[in-house]
Amino acid sequence: MPKFIPVATISGIPENQSKVVEVDGKLIALFNVKGTIYAVSHVCAHEGGPLGEGYLSEYLVTCPFHAWQYDVRDGKCVTVDGAKIASYPVKVEKETVLVGV
């Protein structure tokens with residue numbers, strides 16, 4: 001069972017935007033898609049690009065370095081078959097976003 005850690009507020013992540021947080025030494029990118037928060041690794045599997053700074057369209061984030069795309073719902077890469085980044089469970093309690101690690 002993951003330990004849930006408070007990392008942000010809902011109002012701190014506007015819709016279709018992202019926020020990067022550090023949890024237990026890991027950089028995690030939070031994305032607000034249609035009012036739901038998703039959490040994946042901030043680090044691209046290709047060459048370590050900053051996914052939290054990438055372009056978000058629906059559920060896909062595009063790495064700003066080399067355009068690899070990931071589904072923020074599960075971390076699966078849609079550009080390269082079999083590639084994946086870590087994804088994390090998210091809970092929202094009132095205004096607080098918690099990430100499970």
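This tour goes from the open sheet to the loops, the salt bridges, the surface patch and the core.

The model is predicted: local features need pLDDT of at least 70, side-chain atom pairs count only at pLDDT 80 or more, and totals for chains, interfaces and linings use all residues. Residues are numbered from 1 along each chain as its sequence is written, and side-chain values use heavy atoms, with hydrogens and water left out.

**Stop 1: the open sheet**

Select S1, S10 and S9. These 3 strands form an open sheet in the order S1-S10-S9, with antiparallel pairing. Its edge strands are S1 (4-9) and S9 (90-93), and each pairs on one side only. From one strand to the next, the twist averages 30°. Three terms need their cut-offs here. Strands (E, at least two residues) and helices (H or I, at least four) are DSSP runs, numbered from the N terminus. Two strands pair if DSSP finds at least two bridges between them. Angles run from 0 to 180 degrees between N-to-C directions, and axes are lines fitted to C-alpha atoms, for helices over the stretch in contact.

Click Val90: its bridge partner in S10 is Val99. Click Lys91: its bridge partner in S10 is Leu98. Strands of a sheet pair through backbone hydrogen bonds, either parallel or antiparallel.

Move to the turn. S9 and S10 form a hairpin with 2 residues between them. Lys94 sits in that turn, with a positive phi of about 60°.

**Stop 2**

Most residues other than glycine have a negative phi. Select Asp24, in the loop between strand S2 (18-23) and S3. Asp24 is not a glycine, yet its phi is positive, about 50°. At 60% relative accessibility, Asp24 counts as exposed. The cut-offs: buried is under 20% relative accessible area, exposed is over 50%, and partly exposed is in between (1.4 Å probe, protein chains only).

Ala67 is partly exposed, with a relative accessible area of 44%.

**Stop 3: the salt bridges**

How many salt bridges does a search of the whole structure find? There are 3. Each is a side-chain nitrogen of Lys or Arg within 4 Å of a carboxyl oxygen of Asp or Glu.

Start with Glu58 and Lys34. Their side chains meet in a salt bridge at 3.1 Å, N to O. This pair links distant parts of the chain, 24 residues apart. Glu58 is in the loop between S5 (55-57) and S6 (60-62), and Lys34 is in the loop between S3 (26-33) and S4 (36-41). Glu58 counts as partly exposed, at 46% relative accessibility.

Next, select Arg73 and Asp71. The closest N and O atoms of their salt bridge are 2.8 Å apart. Is Asp71 buried or exposed? Asp71 is buried, with a relative accessible area of 11%. Arg73, by contrast, counts as partly exposed at 45%.

Return to Lys91. Its side chain meets that of Glu93 in a salt bridge (3.9 Å, N to O). Lys91 counts as partly exposed at 35% relative accessibility, and Glu93 counts as partly exposed at 45%.

**Stop 4: the nonpolar patch**

Show the surface and select Val20, Leu27 and Val43. They form a nonpolar patch with about 200 Å² of accessible area together. Patches are made of residues with over 30% relative accessible area and no salt bridge: like charges are joined within 9 Å, nonpolar side chains (Val, Leu, Ile, Met, Phe, Trp, Tyr) within 5 Å. Accessible areas come from the Shrake-Rupley method with a 1.4 Å probe; for residues, only the protein chains shown count as cover. Pick out Leu27, in strand S3. Leu27 counts as partly exposed at 38% relative accessibility.

**Stop 5: the core**

Hide the surface. Select Phe31, Tyr70 and Val72. Of the 16 residues in the largest nonpolar core, these touch the most other members. S3 and S4 each supply at least two residues of this core. S3 gives the most, with 3 residues. A nonpolar core is a set of buried Ala, Val, Leu, Ile, Met, Phe, Trp, Tyr and Cys residues joined through side-chain atoms within 4.5 Å.

Tyr55 is in strand S5. Tyr55 is exposed, with a relative accessible area of 58%.
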